[in-house]
Amino acid sequence: MTDAPHVTIDPFAGGVRRVGEPHPARAVLRAAGPIVRADAPAGGPVWIITDDVLAREVFVHPHIVKDPAWAPAGWDPRTAGLEPTAATQPSLTTCDGPAHETLRRAHAPLFTARRMSEYADRATVLARELLAGLGDTAETVDLMADFTTRFPLTVVCDVLGVPLDRIDQAIAACRGMYSADPEEVGAAMAAFGELAAAALGDGQDGLAVELRDRVPAELTEAQLHYLLFTLIYAGQLTTDPSLGFLLARVLAAGDTAAEPTTTEEFVRETLRRHAPAPFSLWRFTSAEVELAGARLPARSPVLVDIQGINTGPGRSIGPDLTFGAGPHYCTGARLAQLELKAVVEVLRADFPKARLAVPLADLQQSDLGGIQGSRLTALPVKLRG
Ligand code: HEM
């Protein structure tokens, strides 16, 4: 048994690069081996998986868990961006094993293919309304300034039953989560609590109410609110940057010619190339574990390099890892894809002359740092051509 090779490049650094420029760390990580050690932002080593087969093993490994109670003892939860432990805050993203299965069973019927396809027309109406609101001008509009955040939040709030007059509050709450000031993050979390309470209020009949009736009775109101926070925040965090890359590709003249034919395939291909969750969420070993010949002590942090695996030159055609794999596979994968598809279809139907106001190659993306993804810095568009 050997130690995994150590890379000195920082895969968690922030920065700005052009839209077509690959992330500088991915090729270095991949070249170093299927499992690689790097320096974690919160200190000490992190083991990064760069191989598809090994990643799928990690996603189902019984001793590689999500519960932050297994994080390295010295880690500052804020620097590491950790959630509370499963004991404090049971949620899909903190629980493992049977406790996680119980929560998955509660969520599962809400996000099935059938339920989501029934929602498709509504997503189209929302896309049409929001784009129409922007399209009454011959001026250039920056779709990253508001639209790419507002649309996914409108969809996820609508589906959950959060009244739509609260979207500005939801946008402010999501933006507050990026603050370095703990008070601002606390205020954002309080706002998410209010959004959750509003979705559960008298007369509301969205999925939030259905979820309340399906979760274990011992869950407190605050814990239920946290489950709803997870859905709202996860629904914005990922779909927002995806919309930027997707619309840029749709609007770039000539770029679509060589693309797969259906809108679904176009969406999926864009997600593969620009995975909005470039790394999996944090996982930790709950016992000593051997992976590809490397020995990881208990409490070792492990990440899957989703972006690197998705874009690896040797990758064979097949399912990508954009939405993860195994028991923690993305709950909102169907919702995300249908809402992205709705925007492309509405844009093509209602704004046939829409075009980028700058060459595609000049667009820039900003890596937010840590395990977060990248986002276009701006998407200037002339909707009326
Ligand atoms: C393009 C959009 C999206 C992408 C790329 C994405 C990606 C992912 C990935 C990679 C994971 C697994 C993380 C891991 O195992 O470490 C995940 C989990 C999750 N996603 Fe998404 N997601 C997207 C949209 C959404 C939406 C719209 C929702 C809300 C409805 C959502 C809710 C969740 C939840 C609740 C989990 C945790 C599931 C669990 O741990 O059991 N996601 N997502």
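User: In which helix is L237 found?

Analyst: A helix here is a DSSP run of H or I with at least four residues, a strand is a run of E with at least two, and both are numbered from the N terminus. L237 is found in helix α10, which covers residues 221-237. This is a predicted model, in which local features need pLDDT of at least 70 and side-chain atom pairs count only at pLDDT 80 or more, while totals for chains, interfaces and linings use all residues. Residues are numbered from 1 along each chain as its sequence is written, and side-chain values use heavy atoms, with hydrogens and water left out.

User: Is L237 buried, partly exposed or exposed?

Analyst: A residue is called buried under 20% relative accessible area, exposed over 50%, and partly exposed in between, using a 1.4 Å probe and protein chains only. L237 counts as partly exposed because its relative accessibility is 30%.

User: Where does T149 lie, and is it buried or exposed?

Analyst: T149 lies in helix α6, residues 147-160, and T149 counts as buried because its relative accessible area is 2%. Contact means heavy atoms within 4.5 Å; if neighbours within four places in sequence are left aside, T149 is in contact with I171, R175, Q236, D240 and R375.

User: How should I read the order of strands in the open sheet β5-β13-β10?

Analyst: Strands of a sheet pair through backbone hydrogen bonds, either parallel or antiparallel. Two strands count as paired if DSSP finds at least two bridges between them. In this open sheet of 3 strands, the order is β5-β13-β10 and the pairing is antiparallel. β5 (141-142) and β10 (355-356) stand at the edges with a single partner strand each, so one side of each has no neighbour in the sheet.

User: How many bridges join β10 to β13?

Analyst: There are 2 bridges between β10 and the antiparallel strand β13, residues 380-382, and R355 stands opposite K382 in β13.

User: What can be said about the protein chain as a whole?

Analyst: The protein chain has 14 helices and 13 strands, and buried residues make up 51% of its 385 residues. The radius of gyration, taken over C-alpha atoms, can be set against a globule rule of 2.2 Å times the number of residues to the power 0.38. For 385 residues a compact globule would have a value near 21 Å, and the protein chain agrees, with 21 Å.
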